[in-house]
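Please look over the sequence and the model below before reading on.

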Amino acid sequence: MKANKISGTAHPKWFGLALQALVILSRKSDTYPSAAIADCLKSEATQLRRVMAKLSGGQIIETREGRDGGYRLKRPPETITLAEVYIALKVGEPLCSGMLETIGIHDSGLSMKSAFMDIANEIEQNTIETLKQYTIAQLAERTISYSI
């Protein structure tokens, strides 16, 4: 991902922001507004709403419109894995995709590209497998309570 500006497409920082927001929601039983979550995270509410829209589309959170609106977890935090969050956000390209930018257009470059793509895909799968081992509840237990 080349752009530094955060736009409508997923940004690499969204994963960390999403996890923090989900930890906050894991400690709430009712809906919680985006402005309040953004304030807790010292983040921009508009940016957070983009992240939350992806999480809603990924069936991780519910949204409620109106005066009493906001967000809440769709399922217990013990059942939401970090891999689900990562996949819902479709966070950029695989971490090692930068390797592909170093390859020239020549015979050995083409075979190197194939090898690099295999490695990048394997790393991405290993990342997802690792993230499957952790839940939002486990992350919440390991972090300092946000004052909400």
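## Salt bridges, core and fold

Arg 75 is partly exposed, with a relative accessible area of 28%; in this report, buried means under 20% relative accessible area, exposed means over 50%, and partly exposed lies in between (1.4 Å probe, protein chains only). The side chain of Arg 75 takes part in a salt bridge with Glu 84, in which the closest N and O atoms are 2.6 Å apart. A salt bridge is counted where a side-chain nitrogen of Lys or Arg lies within 4 Å of a carboxyl oxygen of Asp or Glu. Glu 84 is also partly exposed, at a relative accessible area of 27%.

The model is predicted: local features need a pLDDT of at least 70, side-chain atom pairs count only at pLDDT 80 or more, and totals for chains, interfaces and linings use all residues. Residues are numbered from 1 along each chain as its sequence is written, and side-chain values use heavy atoms, with hydrogens and water left out.

A search of the whole structure finds three salt bridges. They are set out in the table.

| Salt bridge | N to O distance | Relative accessible area |
|---|---|---|
| Arg 75 and Glu 84 | 2.6 Å | Arg 75: 28%; Glu 84: 27% |
| Arg 72 and Glu 62 | 2.8 Å | Arg 72: 31%; Glu 62: 27% |
| Lys 132 and Glu 129 | 3.1 Å | Lys 132: 45%; Glu 129: 39% |

The bridge between Arg 72 and Glu 62 links distant parts of the chain: Arg 72 belongs to strand β2 (residues 70-73) and Glu 62 to strand β1 (residues 61-64), ten residues apart. Lys 132 counts as partly exposed, and Glu 129 does as well.

The chain as a whole contains six helices and two strands. These are DSSP runs numbered from the N terminus, with helices (H or I) of at least four residues and strands (E) of at least two. Along the sequence, the elements follow the pattern α-α-α-β-β-α-α-α.

The interior comes next. Of the 148 residues in the chain, 36% count as buried. The largest nonpolar core has 32 residues; such a core is a set of buried Ala, Val, Leu, Ile, Met, Phe, Trp, Tyr and Cys residues joined through side-chain atoms within 4.5 Å. Leu 22, Leu 25, Ile 37, Met 52, Leu 55, Ile 61 and Val 85 have the most contacts inside this core. At least two core residues are supplied by each of α1, α2 (34-41), α3 (45-57), β2, α4 and α5 (107-131). The largest share, nine residues, comes from α1. In soluble globular proteins, nonpolar side chains tend to be buried together.

Leu 22 lies in helix α1 and counts as buried, at 0% relative accessibility. Leaving aside residues up to four places away in sequence, Leu 22 touches Leu 55, Ile 60, Ile 61, Leu 73, Val 85 and Ile 136, where contact means heavy atoms within 4.5 Å. Leu 22 and Pro 77 are 55 residues apart in sequence, and their C-alpha atoms are 8.3 Å apart in space. For the chain, residues 24 or more positions apart account for 66% of the contacts with a separation of 6 or more.

The structure also holds one aromatic pair. Phe 15 and Tyr 86 form this pair, which is edge-to-face, at 5.4 Å centre to centre and with 85° between the planes. Rings of Phe, Tyr and Trp (its six-membered ring) pair if their centres lie within 6.5 Å; planes under 30 degrees apart count as stacked, over 60 as edge-to-face and the rest as tilted. Phe 15 sits in helix α1 (residues 14-26) and Tyr 86 in helix α4 (residues 82-89), 71 residues apart, and the pair links distant parts of the chain. Phe 15 is buried, with a relative accessible area of 16%, and Tyr 86 is buried at 7%.

Finally, how confident is the prediction, and what is the mean pLDDT of the chain? The mean pLDDT is 84, and 82% of the residues reach 70 or more; pLDDT is the predictor's confidence in each residue, from 0 to 100. Confidence is lowest in α5, at a mean of 85, and highest in β2, at 96. Over residues 1-8 the pLDDT is below 50, and this stretch has 17 contacts in the model beyond near neighbours in sequence.
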